[in-house]
Amino acid sequence: MSIEIERLNKKYGNFVAVDNISLALPDGKLTALLGPSGSGKTTLLRMIAGLEQPDSGSVAFNGADTTDVHVSNRGVGFVFQHYALFKHMTVFENVAYGLTVRPRRIRPSKTQIRQKVMQLLELVQLDWTAERFPSQLSGGQRQRIALARALAIEPRVLLLDEPFGALDAQVRAELRSWLRRLHDEIHMTTVFVTHDQEEALEVADQVVVMNQGRVEQVGSPEQVYDHPANPFVYQFLGNVNLFHARVSQGSASIGKLKLAAPEWQQVQDAQALAYVRPHEIEVLASAHSDALPAVLSYMTVVGHRIRLELKTANSTEFIKVELPKEQFRRLGLLQGDRAWLRPLHSKVFLEASTA
């Protein structure tokens, strides 16, 4: 089931929640709507579901306009951040609910409902909880039950709004892997909202990066991370160092350091910003002409990696670097020592494009 969104708009008073968005969500793929709070991702999801009506624009499922179709007739399964399970019902009754409230003429028999519910509980690996109540389950288990309940009505599209937002870090990581494996089994068109960059990059087939009600970039996790369309995407997807530079004929100069900027081959002389991720900087213990001199100010051990903060003569901000612990030890550097920094990969934007 593909989803086609055309020029969708939504305002709340003077606040523009969704600003003229056009988007294609492919059939059978898992798409992440990623962005900071207030970027419009949940509003967009709710308009796909039919829980919100757009001011203008359209939503189509497989080419059929569903913009004015009631949520109960769209065939969507919706999973909320806070589970929304019925506390007075058992797990079995919660999952069966969407089937038991159907009109009699289309309601499955009790035997069919039991068979369907137990199959779904096995799918989410919680068939042993059928007679328990939600209060007897962990947060991660409750979220998997909420997903089983959404799947029970055999939706055409599955929508998840910050599905792991209320869980602790370890459970979130476990459920991310579980959701990816589950999707590979059922191949249902799925859209989920998250503000967690790692979550989107790990789970999704396609990532839609949103900001201030607009789409900044659409692509695979590798595309949006390795080839960000603009400075916002670059900065939102992980930590980044920012260097002021001058660009001329495909080269960016940071002091005496030269960085390749082939996309600006036709530019003669312009101010620019060079973005470099902390793990894409090489640290040298001796002077090199193609490296920036700096002083090691701080170091922090984080598991198997070392996080460094260094100061260059021309910068008022620290340059952040991440290295494997063993690699840092081989350098033999101590706090206060001189070091030289060589960016291994960078992305250069003209300053005007950062506005």
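A nonpolar core is a set of buried Ala, Val, Leu, Ile, Met, Phe, Trp, Tyr and Cys residues joined through side-chain atoms within 4.5 Å. Buried means under 20% relative accessible area, exposed over 50%, and partly exposed in between, with a 1.4 Å probe and protein chains only. The model is a predicted one: local features need pLDDT of at least 70, side-chain atom pairs count only at pLDDT 80 or more, and totals for chains, interfaces and linings use all residues. Residues are numbered from 1 along each chain as its sequence is written, and side-chain values use heavy atoms, with hydrogens and water left out.

**The cores.** Select V95, I145, L147 and L158. Of the 44 residues in the largest nonpolar core, these touch the most other members. Helix α4 supplies the largest share of this core, seven residues; helices (H or I, at least four residues) and strands (E, at least two) are DSSP runs numbered from the N terminus. Which residues surround I145? Leaving aside neighbours within four places in sequence, I145 is in contact (heavy atoms within 4.5 Å) with L85, V91, V95, L121, L126, T129 and L137. Another core, of 30 residues, lies apart from the largest one and includes A245, A272, V276 and V283.

**Helices α2 and α4.** Next, select residues 91–100 (α2) and 139–152 (α4). The two helices pack at an angle of about 25 degrees, with their axes 7 Å apart. Axes are lines fitted to C-alpha atoms, for helices over the stretch in contact, and angles run from 0 to 180 degrees between N-to-C directions. The helices α2 and α4 are therefore roughly parallel, the term for angles under 35 degrees. On the α2 side, V91, N94, V95 and L99 meet I145, A148, R149 and A152 of α4. The residues of this contact comprise six nonpolar, one polar and one charged. Here Ala, Val, Leu, Ile, Met, Phe, Trp, Tyr, Cys and Pro count as nonpolar, Asp, Glu, Lys and Arg as charged, and the others, Gly among them, as polar.

**Threonine 66.** Move to T66, in the loop between β5 (64–65) and β6 (76–79). Is T66 buried or exposed? T66 counts as buried because its relative accessibility is 5%. Beyond its neighbours within four places in sequence, T66 is in contact with V59, A60, F61, R74 and R156.

**Helix α1.** Finally, select residues 41–49, helix α1, where seven of the nine residues are buried. Those buried are K41, T43, L44, L45, M47, I48 and A49. Just after α1, G50 takes a positive phi of about 95 degrees.

Technical notes: Parallel < 35°, antiparallel > 145°, perpendicular 65-115°, else oblique.
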